[in-house]
Amino acid sequence: DMFKADAGNNPVGIMHLAPEFYPKVRFKGVSRKIGYTIFETDRIPYDWVNLFNGVDQVWVPSKFNERTFSLSGVYKERLKVLPYGLDCEFYKPTDEVFPVGGKKRFSFLYTFAFDWRKGFDLLLEAYFSEFSAIDNVILILKVFSPDYSSSKVSMETFLKDSAYRICKKHSLPHVVIIDK
């Protein structure tokens, strides 16, 4: 049982959460508190800076996050780049091709969790504004709904309900949604 295991003389508490949850996490007897998170934009929310600066280290998965967190005010000496691991046995190249209906000359692929912070609405607006049905392009949306998502709308419903409103066109470029 992990909760009864001996963690040694200098245990470390690692919080792989959004920083707004850090103050709620209580560790007993840890020598260091580490926050581990990601944020896919050019800056972090202002109120996160003090939360990150309130832990001993902040682990981020990329140099991009190291730079954006630091430029936002997180103490650079607390930032450590720790890339996410990859199971090379599970994720290995194959010759298998996933069948996508309506294949075009150029394919855009966006893989994401159906979560508003992923900016899929902005992607759709840009795609619909730039292309029309006569262009030889396809946007493939590989989407999954995360367990924590409070959204009740499906990606397909969102796409259908907002496509004409977003671009005000009647000849929309091709889009395929893969949600399995």
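**Group meeting: the cores and the parallel strands**

I'll start with the inside. The largest nonpolar core has 14 residues, and I44, F52, V58, F69, V74 and L79 have the most contacts inside it. Helix α1 and strand β3 each supply at least two residues of this core. The largest share, three residues, comes from α1. Keep in mind that this is a predicted model.

Take V74 from that list. Leaving aside residues up to four places away in sequence, V74 touches I44, V49, F52, N53, V58, F69 and L79. There is also a second, separate core of 12 residues, and F112, F114, F128 and L139 are among them.

Strand β2, residues 32-36, pairs with β3 in the parallel sense, over three bridges. I34 has Q57 in β3 as its bridge partner. To get from β2 to β3, the chain passes through helix α1, residues 46-53, and this β-α-β crossover is right-handed.

What about β4? Strand β4 covers residues 79-81, and β3 pairs with β4 in the parallel sense over three bridges. Here the bridge partner of W59 is K80 in β4. The chain goes from β3 through helix α2, residues 63-72, to β4, and this β-α-β crossover is right-handed.

To recap: β3 pairs in the parallel sense with β2 and with β4, and β3 supplies at least two residues of the 14-residue core. That's all from me.

Terms used. Residues numbered from 1 in each chain as written. Predicted model: local features only at pLDDT ≥ 70, side-chain atom pairs only at ≥ 80, totals over all residues. Heavy atoms only, no water. Pairing = 2+ DSSP bridges. Helix = DSSP H or I, 4+ residues; strand = E, 2+ residues; numbered from the N terminus. Right-handed = clockwise from strand over helix to strand, strands pointing away. Core = buried A, V, L, I, M, F, W, Y, C linked by side-chain atoms within 4.5 Å. Buried < 20%, exposed > 50% of the residue type's maximum accessible area, 1.4 Å probe, protein only. Contact = heavy atoms within 4.5 Å.
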